Amino acid sequence: MTALQPVPAGTLASLLTAIGSASVRDGGGAVTVPVPAARLETAVHHLAGAGARLADLFATDGDQVTLRLVWGLDTERQYLITETAIDDLEYPPLSDIAPAAFAEECEIYEQFGVRPAGGKPLNRVALPPHAGPDFPRLGHQPAQPPAEVHAPHTVAGQAFEFPFGPVRQVGVESLYYGLVTSGEEIVDLYLFTWHKHRGLEWRLRGHRPAEALFLAERAEGLSATAVAWSVAAAVESALGAEPPPAALLTRGIALELERLYNHAAAMAALCQSTGLSVGQAAAEIALERLLRVNAAVFGHRYLFGVVEAGGVRRGPDLAALQVGLPGGYGELRRAADALLATNSFMDRLEATGIVTTEQARRLGLVGPVARASGVAVDSRVDQPAAPYFGHPPAIAVRGTGDVLARFQVMLDEAAESVRLIGDLAAAGPGTGAAPLPGGGGAGLGWAESPRGEALAWVSLDADGRITRARLRPASVRNWRGFDDAARSQNVFTDIPIIEASFWLTVAGTAR
Amino acid sequence: MSGGSRARAVAASPAARAPEGDVLAARLRQRVASQFGRSLHIRTLDTGSCAVCEQEIRLLAAPHYDLHRLGFFFTPAPRHADLLLVTGPMIRAFDVAARKTYEAMPGPKLVVATGACALGGVYPADAFVYGAVGEILPVDVWIPGCPPSPLALLQGLLVAVDRLAEKVSGLTFTAGGDAEPPAREAER
Amino acid sequence: MPLWFARGLRRGIVTTRYPARPDRSAAGLPTPPAFRAGVIDRRLADRLVAVCPSRALHRDGGVLVFDVGRCTACGRCQEAAPWAVTPSGEFELAGTSPAQFVKQIGLVQEVGQ
Amino acid sequence: MSALGWLAVAAGGWGLAVLAALAGGGRAGAIRLCCALSGLGGAAAMAGGVSALLWGNGPVVTVGPAEVAGSLQLQATSLAGVFAALLGLVAVAIAAYIPRYHEPGPGTALYLAVYNLALVASVAVLAAGGVVTFLVAWESMALLCYLLILRHPSRDAVAGGAFWFLALSETGFVLIIAAFVILATKTHSMELSVIAARAHLVSPAWRDTAFLLALAGFGFKAGLVPLHVWLPEAHPVAPADGSAFLSGLIVKLGAYGIALFAFRLLPAQPAWTGLVTMAAGALTAAIGILYAMNERDLKRFLAYSTIENIGIIVTAFGAAMIFGAYQQRALAAFLLLAGLYHVANHGTYKTLLFLETGVIEHAAGTRDMDRLGGLIHRLPRTAVISLAGTLGIAALPPLNGFVSEWLIFQGLFQGFRTGSHLLGILIVTAAATLGLTGGLAIYAFVRGYGIPFLGMPRTRPAAAATERGQPVTGPALLAVACVALAVGAPVVLLVLSRAMRTVTGVGLRPVLLPGNLTVLPAHTDFSAFSPTWLAVFLVAVTAVPLLIYLAGRPRADSVTVPVWDGGMVAFKPRMQYSAMTFSAPTRVTFDALYRPSVSVRRASDDPAGRSGPVHYESAVAPLFLRYLYRPVIRAVEWLADVVRPLQSGDVSLYLFYVFLMILLAYLVGAL
């Protein structure tokens with residue numbers, strides 16, 4: 001979705017003056033502000049203090065490494081990008097001010113060799129342990145490999161690590177948990193995701209947008225539309241292309257269908273994790289029917305290949321939508337009602353895996369997880385763009401932050417999605433794509449995936465090839481809340497429940 | 001690793017797979033079919049999929065498809081598994097785990113590569129991925145699709161235990177009749 | 001639990017009869033392309049090869065080689081040449097050797113102009 | 001030769017050992033000679049103990065003029081026989097252990113001299129026929145043990161631990177003196193046998209007072225809760241053989257003292273003193289094992305387990321007293337026998353375990369369970385021997401601990417024979433408490449053996465551990481003794497039943513051993529089992545499948561693959577159960593007792609996100625130190641401040657004090 005309105009006066013302006021940024025560049029989907037390395041720390045202080053949400057942090061590698069911070073100015077309906085050129089190998093430790101930045105700091109160190117000053121230990125995020133100097137990176141190799149300082153069992157301490165994975169239950173993605181436990185409660189929990197790192201950002205370089213979308217859809221298949229949309233939007237805003245409104249309506253329908261089936265799948269997973277097979281069966285019936293709706297409407301059960309740079313490749317089969325959707329959602333609704341009336345199920349959900357509002361803000365969580373913890377962040381409303389201008393969704397928010405709250409948020413969102421689909425379908429969606437103009441550029445794109453805000457930043461060279469693509473699916477953010485949730489007075493058997501309620505993918509994190 | 005040579009052959013060139021490899025595979029499948037034909041336990045292995053193949057595999061057990069009626073069962077323990085259902089392009093960082101899982105299974109055992117990634121479609125072999133499951137594990141049955149629908153998975157599993165004949169070798173993927181190419185075909 | 005029991009009875013059976021009977025839902029699935037004989041020349045073949053994002057197509061002299069295993073049924077080749085490429089409708093594609101997936105589509109001499 | 005003669009020989013041998021140690025000046029040869037003499041003395045002591053058991057109480061032998069208070073009065077008694085035999089066994093094992101454990105040197109020589117003197121003092125306690133002899137021997141034993149603990153005074157915590165031992169043992173000594181003084185004044189005799197004969201002269205009030213004083217006084221040494229705090233402080237700081245001697249024997253002397261008062265000096269006890277004794281025992285057993293559960297230091301762990309076993313023994317004694325009061329003399333004798341049997345058993349395997357702890361400490365450089373691991377591969381001999389001791393102390397058949405605990409349970413289960421419902425219930429409650437204790441003991445020793453010996457080494461030293469040059473004969477001897485005490489149970493019971501006839505006048509033989517190696521607990525109509533056949537059966541049950549397995553070896557075409565680990569890169573030592581995590585459930589269940597305090601320092605607590613290690617600490621609150629001893633210590637210090645003014649340093653003032661005291665004494669005498 002491309003942001004269309006100009007830079008407003010007021011808070012943003014005052015922020016910019018506070019940052020002391022000389023030149024402001026609008027367009028490319030966001031307000032872009034150059035910030036010299038010397039003033040970066042104060043700028044981050046100001047922005048974090050003013051309640052700006054650090055949505056992403058990444059680096060690009062030209063003749064020198066450039067650090068880009070993406071801020072969600074959720075009150076300003078805007079994204080703000082600060083650009084900082086790093087001349088030496090260090091930059092001020094941003095995660096001390098905005099803790100959400102930590103994992104990205106680690107990633108940037110792995111990929112570009114620049115690290116936050118102060119020498120705090122950095123975890124390994126994407127690179128496998130055996131990655132040598134010749135292992136492909138986006139930038140230069142780090143001075144020394146990132147220390148793996150995940151929760152070692154200190155002898156003075158009395159906890160031990162319970163290894164779990166990477167090959168886990170049947171039909172789930174590969175993921176390694178280090179579960180540090182005192183024998184009863186969970187003391188700490190950490191994840192290794194490099195088992196699934198496929199180097200997508202590295203692959204995307206040199207591709208044309210069309211091929212890039214093919215790969216981007218497969219970065220996180222369960223939110224293919226959202227990720228593809230974010231990349232497409234980034235390309236469009238980089239090149240200044242205007243997708244036809246009908247195509248944007250189509251994207252909206254696809255995105256909401258995606259949300260619908262994902263929440264059904266999450267419901268099935270919740271039932272499985274609580275051992276309620278009958279509920280799982282009911283939820284899976286709903287899921288399968290919704291997937292068939294997808295296939296009937298867009299020709300693919302998981303909505304691959306709908307979004308195209310500049311528009312969409314396929315239009316929705318509205319007849320099939322009218323026929324299929326009510327039935328599919330009816331199944332979902334009935335299963336949900338039955339579940340809400342099943343005490344043995346609800347008791348497992350209540351007060352399990354609590355994420356406090358403070359944690360959610362601190363770690364920059366997004367999507368249903370954040371909204372269940374009382375943080376009403378939703379890029380469809382905070383940074384609205386077509387087609388959501390005319391059709392704003394009602395955001396579902398809960399305060400308790402436990403699994404039950406996340407479940408309820410998902411149910412409310414499902415209902416809202418059905419309503420939205422109705423509106424969007426009524427507004428006359430269609431197919432078609434605007435041709436992409438030539439000339440390079442860089443732009444930011446975003447879409448609200450079922451897991452939350454999916455961001456993408458793409459820069460293209462003159463003949464339309466990608467020079468750097470940054471993918472940030474929502475999973476990247478929300479896995480960071482997972483260990484906090486798992487730690488809050490839980491026992492082993494709660495962890496699958498919490499994981500199901502987060503409903504994240506490893507593929508999206510490792511990409 | 002017993003199937004190593006076969007795996008290499010696959011890697012070398014898909015077209016030129018050693019025929020005696022086929023014979024071996026067929027014999028193995030018959031053996032498995034005779035022993036586990038009506039009760040086969042499946043362990044899944046994700047070597048870097050995009051999480052959609054996993055979703056489809058989970059749906060195999062859902063009411064709409066219910067693979068249990070065909071005598072297939074999922075088991076989390078490779079020790080109890082007769083068939084390894086592999087998704088993803090076989091990430092290099094994961095090969096240790098993949099080999100361990102395969103070696104943890106008792107013989108006779110089958111490997112089914114699932115999805116275009118696992119068949120070398122999406123990711124070319126490079127520093128991140130081997131590009132195909134066959135590079136590491138001795139695959140017996142290949143199931144194309146992105147993702148392979150639960151029906152396709154069912155058919156593949158039944159082929160794996162010789163309860164269905166594979167039909168892909170019989171397909172030509174050519175359609176009869178001919179139409180005149182429109183003029184606008186020239187540019188673009 | 002009685003609640004669930006009643007629900008189950010009311011819900012009835014949704015399970016497919018596949019493989020005993022064909023399943024109607026298969027109709028909605030994306031399927032690999034089928035190439036119309038006698039329409040595809042080398043130029044078109046090269047364009048099809050170029051649009052294929054998953055390297056399922058390559059041209060080997062006068063033959064278009066199609067690796068079904070690598071095909072993601074994304075439909076890009078059909079968009080590129082709808083008159084020459086149609087959905088095959090085949091979804092039962094499991095094979096017991098990679099060789100079975102490799103299909104040779106004969107090309108014709110220059111068509112058009 | 002008479003029992004007393006054997007004991008005299010033992011004392012002589014140990015005396016010579018002292019001389020050898022001092023004369024040798026710590027040369028290796030001299031130390032070996034000293035240990036040889038010490039071992040011979042031990043053998044003699046065993047002989048003396050056994051013969052005392054078999055041939056009953058000997059005559060009282062007075063060395064020196066009878067009328068002088070300082071003269072030695074000695075007598076070999078059946079009651080002391082078990083303890084004497086145990087003393088001998090422990091002495092032999094330790095003698096075989098020392099030469100490889102202590103490196104030669106003057107310090108060692110001095111230590112050996114002290115140790116052998118302590119042996120002499122202990123045997124004197126057991127052979128004492130008179131009050132003065134007993135008290136002198138007792139006190140010297142205590143002081144010598146204090147010196148034993150001080151083997152390495154430079155190390156930290158040693159002085160503290162030793163002082164705990166000395167302070168509590170002196171406190172107990174005062175009470176013991178008081179008890180003896182009461183008896184002596186009421187029976188007008190300083191000779192134990194005479195006191196026992198005239199016990200009926202003592203008025204019930206004085207009798208019970210004396211007994212309770214003795215119970216408390218000896219309780220300090222035996223480690224009855226809440227008088228137990230010195231054990232976990234003193235054992236870790238003493239050298240391995242020193243702790244073995246403390247736990248194996250010295251605490252048993254406390255039990256001997258209690259038995260001496262309960263069954264020899266004051267045989268006619270009312271039920272309520274027995275009840276008090278039994279309750280104290282049961283409480284001690286339960287609390288001992290519960291605290292053992294949350295110790296990471298092997299020696300502290302074993303020390304608490306000693307407290308538990310003393311509790312079991314004293315429970316048996318208390319129940320015996322109750323049955324005695326209710327004229328169930330057979331049961332009383334039977335429970336006393338069972339208690340004594342457990343004394344012998346515990347002395348054996350606890351000595352073994354402490355000695356092996358010393359081996360582990362020397363091999364791996366630590367006693368902290370959470371720094372050990374995988375020792376079964378590096379110290380195979382130690383592992384096997386320790387396993388014998390562990391099975392014994394966990395009271396698992398076919399080892400000796402099971403036999404004696406089974407006997408005790410069988411005795412307690414017959415509480416209904418008292419005829420009083422209340423007492424019956426109380427006794428069975430005690431049995432239930434011991435049941436809980438037994439269960440926890442198995443849990444504790446699965447942990448105590450599994451964490452150090454199984455799994456992977458948790459530290460580099462543990463990985464590099466080797467048992468080359470480590471002592472083995474001593475512990476091995478004790479392991480053999482453990483098996484013998486179990487398999488040879490009928491013989492042991494034969495001997496003990498003879499001793500019981502001497503002590504209680506009840507001939508248990510017919511109701512104990514009806515032939516074919518079967519044991520009946522005191523009444524023929526209750527229950528029966530045969531330790532020997534059980535052992536044979538169990539060995540067969542384990543051996544047969546083993547043979548079948550060995551017969552059907554894995555066939556050639558089968559493959560061996562590593563254990564399924566979820567495909568992770570590599571197991572790390574940090575991924576195994578640690579001592580404290582293994583016992584976490586008990587900390588939750590019994591948190592009322594433990595009051596565990598948890599402190600977590602976690603990377604994600606630093607606002608900068610997730611880096612750095614997690615550090616988790618869970619400490620168990622030392623209730624007795626906090627709520628019992630600290631106030632007492634403060635009171636004592638306050639008292640000292642109060643009376644300090646008396647100490648002016650002025651001689652004439654001191655003479656005045658003396659004058660006042662004499663005056664007071666005359667006045668008291670005149671009344």
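## Where chains B and C meet

Let's start with a pairing that crosses from one chain to another: strand β6 of chain B, residues 174-175, lines up with β1(C) in the parallel sense, and two bridges join them. Within that pairing, A175(B) sits opposite R36(C) of β1(C). Keep in mind as you look around that this is a predicted model.

## Where chains B and A meet

Chain B also touches chain A, and here the contact takes 31 residues from each of chain B and chain A. Which elements of chain B supply at least two residues each? They are β1 (40-46), α3 (52-60) and α4 (95-104). Of these, α3(B) gives the most, with six residues. The chain B side of this contact has 20 nonpolar, seven polar and four charged residues.

Now move into chain A and find three strands forming an open sheet, in the order β7-β8-β9, with antiparallel pairing.

One spot to look for is Y177(A), which stands opposite L191(A) in β9(A).

Helix α14 of chain A covers residues 403-426, which makes 24 residues. From its first C-alpha to its last, α14(A) reaches 35 Å, close to the 34 Å expected at 1.5 Å a residue. Just after α14(A), G428(A) takes a positive phi of about 80°.

Another positive phi, of about 60°, belongs to L303(A), although L303(A) is not a glycine. You'll find L303(A) in the loop between α8 (277-298) and β10 (307-308) of chain A.

## Helices and domains in chain D

In chain D, helix α2 (residues 28-55) packs against helix α20 (residues 489-504) at an angle of about 60°, and their axes are 6 Å apart. Because of that angle, α2(D) counts as oblique to α20(D). The contact uses V50(D), L53(D) and L54(D) from α2(D), plus V495(D), L496(D), R498(D) and A499(D) from α20(D). By class, that's six nonpolar residues, no polar ones and one charged.

Stepping back, the domain assignment of chain D gives domain 1 (1-204 + 238-268), domain 2 (573-602 + 613-619) and domain 3 (624-670). The C-alpha centres of domain 1 and domain 2 of chain D lie 41 Å apart.

## Two cis peptide bonds

Where do the cis bonds turn up? In chain B, the peptide bond from C146(B) to P147(B) is cis, with omega near -10°. P147(B) belongs to the loop between β5 (141-143) and α6 (150-160) of chain B.

In chain D, a cis peptide bond joins P397(D) and P398(D), with omega at about 5°. P398(D) lies in the loop between α15 (380-393) and α16 (400-413) of chain D.

Key: Residues numbered from 1 in each chain as written. Chains lettered and ligands numbered in written order. Predicted model: local features only at pLDDT ≥ 70, side-chain atom pairs only at ≥ 80, totals over all residues. Pairing = 2+ DSSP bridges. Helix = DSSP H or I, 4+ residues; strand = E, 2+ residues; numbered from the N terminus. Domains from an automatic or database assignment. Axes fitted to C-alpha atoms, helices over the stretch in contact; angles between N-to-C directions. Parallel < 35°, antiparallel > 145°, perpendicular 65-115°, else oblique. Contact = placed C-beta atoms within 7 Å. Nonpolar A, V, L, I, M, F, W, Y, C, P; charged D, E, K, R; others polar. Expected span 1.5 Å × (residues − 1).
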